[in-house]
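Please walk me through this protein model.

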Amino acid sequence: MTGPLLSIRDLRVEFDVPAGRLPAVGGVDLDLGRGEVLALVGESGSGKSALAMSLVGLNRGPRTHISGVVEFGGADLVGASEAQLRQVRGRDVAVVFQDALAALNPTQRIGAQVAEMIRTHQRVSRRQAWQRAVTLLRDVGIANPERGARSYPHQLSGGMRQRVMIAIGLANDPAVLIADEPTTALDVTIQAQVLRLLKRLQAEHGTTIVLITHDLGVVAEVADRIAVMYAGRIVEQGSRDQVLFAPQHPYTNALLNSVARVDGPALDRLPAIAGSPLTGVDRPPGCAFAPRCGSVLQACTSNPPVLRRRYGGDGHLDACLLGADRRGVLAG
């Protein structure tokens, strides 16, 4: 099959807050290819999780406003009913949540929770679902899966609970796996194990993975393509090497400069991005990053720049007028 697995067009997510309507995602266009790992990168509050959770309606509510198109399997998930979305969640699109201890039911054994996800979407017996759960726990690297299946969440380490969440996500062999900060609060050794697991599962099952993270080290380890978000918009996207080694947007440059390098000089203090991210309901008419940008132009404060493709960029897009003025661009 050709074409993207999942296509997002003009996706907008807004939340009603006491001060008005907060724009969490402000018109995102994005395509997900089959079998790729796409990393959504940005500071806290940039809209990464709001974007990802809206793909399957996990942030729907009376105070949430979602518009745009999310096309998957010939259907628009934004316009889908809750009953239709329940058929998609866990079967076609699965989510690995950030806090495994909070996501897992403390009163149910691990095997029962994995088996429940299987039986929700498949016509199998309890015994078959349990056996499949044990197999999944083995696949994600739980050393003694039979004993692990009989354990409760509090009896497992943080790394093991995260593996359980991945097993639940993979229970029905989904086409898309959304991993929301899957390595947060894990030590570096366990982080590396979880990342290797995700990469192996992608290779073996052909699963498309949306990896939400603020950790550029995680991105460098597993991502095929990167989308950098700021204030609800994608400001740069491209392959991993394009974004990490030839960044074009000032925000991407600032993020990379704030990470310690093992091959660089020892610094007493890492460079910080001046100012603070936008958090209120009011947004500037121009580029949202302009108040924090050291290379701002007068034109940056009037209209928000759109994602554009550079000459010879081959899929490398950025939303910066500085690049348009000095390097020349083609409309993306």
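Which residue forms a salt bridge with glutamate 36?

## A salt bridge across the chain

The partner is arginine 225, and the closest N and O atoms of the pair are 2.7 Å apart. This pair links distant parts of the chain. Glutamate 36 sits in the loop between strand S2 (20-32) and strand S3 (37-41). Arginine 225 belongs to strand S9 (residues 225-230), and the two residues are 189 residues apart. Both glutamate 36 and arginine 225 are buried.

One caution applies to everything here: the model is predicted.

Side chains of opposite charge can pair when their charged atoms come close. Across the whole structure, a search finds 12 salt bridges. Another one joins glutamate 43 to arginine 292, with the closest N and O atoms 3.1 Å apart. Arginine 292 has a relative accessible area of 10%, so it is buried. The cut-off for buried is under 20%.

Arginine 91 and aspartate 92 also meet through their side chains, in a salt bridge of 3.0 Å from N to O. Arginine 91 is at 33% relative accessibility, so it counts as partly exposed. Elsewhere, salt bridges that share partners join Glu14, Asp16 and Arg21 into one network.

## The four-stranded sheet

What is the strand order in the open sheet of four strands? The order is S2-S1-S4-S5, and the pairing is antiparallel. S2 and strand S5 (75-76) are the edge strands, as each pairs on one side only.

Look at one end of this sheet. Strand S4 (residues 64-72) and S5 run antiparallel, and two bridges join them. Glutamate 71 has aspartate 76, in S5, as its bridge partner.

## Helix H4 and its cover

Which residues of helix H4 (residues 110-121) are buried? They are Ile110, Gly111, Gln113, Val114, Ala115, Ile118 and His121.

## A buried glutamine

Helix H7 also holds glutamine 162. Its relative accessible area is 2%, so glutamine 162 is buried. What does glutamine 162 touch, not counting residues up to four places away in sequence? Its contacts are Val96, Phe97, Gln98, Ala100, Pro182 and Leu186.

## The largest pocket

How much space lies in the largest pocket? The value is about 650 Å³. The pocket is lined by 32 residues. Gly26, Gly27, Arg233, Ile234 and Pro305 lie nearest its centre. Strand S1 (6-17), S2 and strand S10 (233-239) each supply at least two residues of this lining. S2 gives the most, with six residues.

By class, the lining of the largest pocket has 19 nonpolar, six polar and seven charged residues.

## The cavities

How many cavities of 30 Å³ or more are there? The count comes to seven. The largest cavity has a volume of about 80 Å³. It is lined by 13 residues, and the closest to its centre are Pro250, Cys287, Cys293, Cys300 and Cys320.

The lining of the largest cavity has 11 nonpolar residues, two polar residues and no charged residues.

Most residues other than glycine have a negative phi. Aspartate 10 is not a glycine, yet its phi is positive, at about 50°. Aspartate 10 lies in strand S1. With 37% relative accessibility, aspartate 10 counts as partly exposed.

Glutamate 181 is a residue other than glycine with a positive phi, near 50°. Where is glutamate 181 found? It is in the loop between strand S7 (176-180) and helix H8 (188-205). Glutamate 181 counts as buried because its relative accessibility is 9%.

Technical notes: Residues numbered from 1 in each chain as written. Predicted model: local features only at pLDDT ≥ 70, side-chain atom pairs only at ≥ 80, totals over all residues. Heavy atoms only, no water. Buried < 20%, exposed > 50% of the residue type's maximum accessible area, 1.4 Å probe, protein only. 1 Å grid on protein atoms, 1.4 Å probe; cavity = no way out; pocket = protein on both sides within 12 Å on 5 of 7 lines; lining within 4 Å. Points joined across faces, edges and corners; volume = space filled by probe spheres on them. Nonpolar A, V, L, I, M, F, W, Y, C, P; charged D, E, K, R; others polar. Contact = heavy atoms within 4.5 Å. Salt bridge = Lys/Arg side-chain N within 4 Å of Asp/Glu carboxyl O. Pairing = 2+ DSSP bridges.
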